[in-house]
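This briefing sets out selected features of one protein chain for computational work.

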Amino acid sequence: MSDDDDQVFEAVSALFEAGEYVDYRVDEPRILTHLGEITAEPRLGHNQFDYYRGTPQYRVALAGGYLRPLPTPTPAPLTAVLECESVIGARLPNLLRRCYLELGNGGFGPNRGILGLRGSRTTHGYPGGGTVAEEWVSRCHGWPESLQPQFTSLVPICEWGCNVVSFIDVSDGEYRMWGFEPNIIDHNEADGEPYIEDLETALYREEFGFTEWLRRWTQGILDQPHLVLDEETNRWRGPTSTRGRGSRHEKGEIWAVALTDPPF
């Protein structure tokens, strides 16, 4: 691995040691008193909350001891890494391989965690989700014929919800990241399928590779894939480092879903 890979691995390891290896955290079941204070009583109803790492609400909940501890991660066996690479027909980034082999088999990283490999107890934060290889096979069949085989080298690594996905391009050793945000495109009224031109807009090449992507996550400045409306062309496009919308962590725009009003 490169020096950059080693530095990012140490940063990810530090988050594992701190018990903060994923963005979304859930609080312990509690009830709210009539004063709005959190008590240690068993949960009544649905007064339970998700918190997003880096937001003010997360910091308050963490300092107050309200967050449920994350489960102890289990690294992936080498056979699972090799099996995945055999399916996708390419080697995974060295940094990703090391994270799988030494830290955890998915379920860590941005949002609810990156996808796992065979044997993972959880992928992208939800039990029973697809593995990297399974999601890759599914999405390869899902690309329009005109986009194949160009995009079969894109391996899904992180699902953000609402079909927003981060991909790694494994076609060469650069391992450039790609983003996919299909939720603002127009749809064909006849069959409900996206126009191919719009699908190509929704899928865009990021300005950095996997190592930088993971570094930005450890620093709390990684944003999920999104499109911006170009002021000059009036067309949607992927963001640039100087013209994107900036970190949602820093702005405190996200703290996830609450099933009732937040306790603070």
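In which loop is the place of asparagine 111? Asparagine 111 sits in the loop between α4 and α5. The model is a predicted one, and its protein chain has a mean pLDDT of 79, with 75% of residues reaching 70 or more. The protein chain contains 8 helices and 8 strands, and 48% of its 264 residues count as buried.

**Backbone and loops**

- Most residues other than glycine have a negative phi.
- Asparagine 111 has a positive phi, near 55°. This residue counts as buried because its relative accessibility is 5%, under the 20% cut-off.
- Asparagine 234 also has a positive phi, near 60°, and is found in the loop between β7 (228-229) and β8 (236-237). Its relative accessibility is 57%, over the 50% cut-off, and so asparagine 234 counts as exposed.
- Glycine 130 lies in the loop between α4 and α5. With a relative accessible area of 12%, glycine 130 is buried.
- The C-alpha atom of glycine 130 is separated by 8.6 Å from that of leucine 117, and the two residues are 13 residues apart along the chain.

**Packing of α3 and α4**

- The axes of helix α3 (residues 78-88) and helix α4 (residues 94-102) come within 9 Å and cross at roughly 145°. The crossing of α3 and α4 is right-handed.
- On the α3 side, Leu78, Val81, Leu82 and Glu85 take part in the contact; α4 contributes Arg97, Tyr100 and Leu101.
- By class, the contact of α3 with α4 comprises 5 nonpolar residues, 2 charged residues and no polar residues.

**Nonpolar cores**

- In soluble globular proteins, nonpolar side chains tend to be buried together.
- The largest nonpolar core has 44 residues, of which Tyr100, Ile157, Phe210, Trp213 and Leu214 touch the most other members.
- At least two residues of this core come from each of α1 (3-17), α3, α4, α5 (132-142), β3 (154-161), β4 (164-169) and α7 (210-218). The element that gives the most to this core is α1, with 5 residues.
- Apart from this core lies another, of 11 residues, which includes Trp143, Phe151, Ala202 and Leu203.
- Not counting residues up to four places away in sequence, tryptophan 213 touches Pro110, Ile114, Ile157, Cys158, Trp160, Ser166, Met177, Phe208 and Leu222.

**Contacts along the sequence**

- Among contacts in the protein chain with a separation of 6 or more, 59% are between residues 24 or more positions apart.

**Confidence**

- Where is confidence lowest, and where is it highest? In the protein chain, the lowest mean belongs to helix α8 (residues 248-251), at 41, and the highest to α4, at 98.
- Over residues 31-45, pLDDT stays under 50; the model has 26 contacts beyond four places in sequence for this stretch.
- Residues 123-128 likewise keep a pLDDT under 50, and the model has 16 contacts beyond four places in sequence for them.

Note on methods
Residues numbered from 1 in each chain as written. Predicted model: local features only at pLDDT ≥ 70, side-chain atom pairs only at ≥ 80, totals over all residues. Heavy atoms only, no water. Axes fitted to C-alpha atoms, helices over the stretch in contact; angles between N-to-C directions. Helix = DSSP H or I, 4+ residues; strand = E, 2+ residues; numbered from the N terminus. Left-handed = near helix turned anticlockwise from the far one by under 90°. Contact = heavy atoms within 4.5 Å. Nonpolar A, V, L, I, M, F, W, Y, C, P; charged D, E, K, R; others polar. Core = buried A, V, L, I, M, F, W, Y, C linked by side-chain atoms within 4.5 Å. Buried < 20%, exposed > 50% of the residue type's maximum accessible area, 1.4 Å probe, protein only. pLDDT = per-residue confidence, 0-100.
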